[in-house]
Amino acid sequence: MTNQDFTMNSASLREKFFEIYGNSGDKPDLYFAPGRVNLIGEHTDYNGGFVLPCAIQYGTYMLIRKFEGDTIRISSLNYPHQLISSSTHQLLNEKGKWFNYPFGVMNEFMNAGFPMTGMDILYSGDIPKSAGLSSSASIEMVTAFALNEMLNAGFDMIGLARLSQKAENNYVGVNCGIMDQFAVGLGKKDHALFLNCHTMEYKMIPFRSEGYSLIIVNSNKHRDLSDSMYNERVSECQLAVTYISSIIDVSRLGELGFPQYFKIQDNIPDVIVRKRARHVVSENQRVLNSVNCLWKNDLTQFGYLMNASHESLKENYEVTGIELDTLVEEALKVPGVLGARMTGAGFGGCTINLVANGSTDDFIRQVGDHYFKKTGLIADFYTAKISDGVRKINEQ
Ligand code: GLA
């Protein structure tokens, strides 16, 4: 279900809501938060570097209705037959469960001095799960946005992104950066979001892709961020900073230019940590170069940068794997493909591809066939439409 045909389906979501929770109280409010795809700038956000994501048309819908009381009931059409009930005083937290995301957000509101009230919530999302398209940030941000309005808490969008990131860090246990929540909150139709993750300064860069499409390919190799591999990379980067800061005054890898890194790299004794730092520093530069390309509308050069990004994520950061590498390799064999790379955390999930409109059918057929032959997995293909961030949906 996409945003466009949702107006029709909001009535059936409402019906479901009343079926689950009854029709006695007020009319529930409807909200939407998108997922995101990252064009370039991978694993740079938690290093205080640059990223270039955009919000997409897929996302999470949420109906919410408050009542006097101390019970919170939540359910999701994506997890049918689960009606979760929690006390407002002692929020539920069960390892690995989807409802930790909304409860994590509520917990952060409570930490900020905004107690919870009784409420009924129903979610319904169309972002493929565990695919690296930020279904987690989407559910966090839709919840944060709705609660902010309901509780009159007064956070601005950056505040809500930070609060949602904290929820994921503290309640879910993933030490993610700010990119996903930021893109889901502040994304803008037909624009890429160029963000400095240290200062939170950002600029909207028009993405004029005339003649080309952004195609997302889902490897259907599922990943689990809390799987610890992600947190391991975060620690490796912190270790790199410890080594480097004994030589020069830096507190994050995002501060380092490539020439500077080149001079001091041999002082990082651990080869693995050196490679991790090399990725972050070079990826940061690729984001800056990409922004220049997009201003100039030079998609060919942008495509090269996407390819170089994947190469570095494969060789230096080691977060790709056979599935994502095969998808990229096969994509680049198709005439009309300017660039291909993994997007998101890696270890499975999706690639993002810049494909000439006349080549999309060949792309889907060839990449799909070869991927299946090599891995036995069936890939899914989606054309990404760059969309707006989280919002309330006002129905007539
Ligand atoms: C995940 C995290 C983000 C970011 C990306 C990698 O999506 O949630 O904060 O680190 O991985 O770029």
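**Ligand shell and a helix pair**

Colleague: Which polar side-chain atom lies 2.5 Å from an oxygen atom of the ligand?
Modeller: Bear in mind that this is a predicted model. In it, an oxygen atom of the ligand sits 2.5 Å from a polar side-chain atom, and that atom belongs to Asp45.

Colleague: And how far is the ligand oxygen from the side chain of Glu42?
Modeller: Asp180 also puts a polar side-chain atom 2.7 Å from an oxygen of the ligand. For Glu42, the pair is an N or O atom of the side chain and a ligand oxygen, and the distance is 2.7 Å.

Colleague: How much of the ligand does the protein bury?
Modeller: Residues around the ligand include Arg36, His43, Tyr46, Cys176 and Tyr230. The shell splits into 5 nonpolar, 3 polar and 4 charged residues. Taken alone, the ligand exposes 310 Å², and the share of that buried by the protein is 98%.

Colleague: What do we call the way H3 and H4 lie to each other?
Modeller: H3 covers residues 135-150 and H4 residues 157-172, with axes 9 Å apart. Their crossing is right-handed. The packing angle is about 125°, and roughly perpendicular stops at 115 while roughly antiparallel needs over 145, so the two helices are oblique.

Notes
Residues are numbered from 1 along each chain as its sequence is written. This is a predicted model: local features need pLDDT of at least 70, side-chain atom pairs count only at pLDDT 80 or more; totals for chains, interfaces and linings use all residues. Side-chain values use heavy atoms; hydrogens and water are left out. A residue is near a molecule or strand if one of its heavy atoms lies within 4 Å of it. A polar contact is a pair of N or O atoms within 3.5 Å; within protein, one must be able to donate a hydrogen and the other to accept it, and residues adjacent in sequence count only if both atoms are side-chain atoms. Accessible areas come from the Shrake-Rupley method with a 1.4 Å probe; for residues, only the protein chains shown count as cover. Ala, Val, Leu, Ile, Met, Phe, Trp, Tyr, Cys and Pro count as nonpolar, Asp, Glu, Lys and Arg as charged, and the others, Gly among them, as polar. Axes are lines fitted to C-alpha atoms, for helices over the stretch in contact, and angles run from 0 to 180 degrees between N-to-C directions. Helices (H or I, at least four residues) and strands (E, at least two) are DSSP runs, numbered from the N terminus. Angles under 35 degrees count as roughly parallel, over 145 as roughly antiparallel, 65 to 115 as roughly perpendicular and the rest as oblique. A crossing is left-handed if the near helix is turned anticlockwise from the far one by less than a right angle, and right-handed if clockwise.
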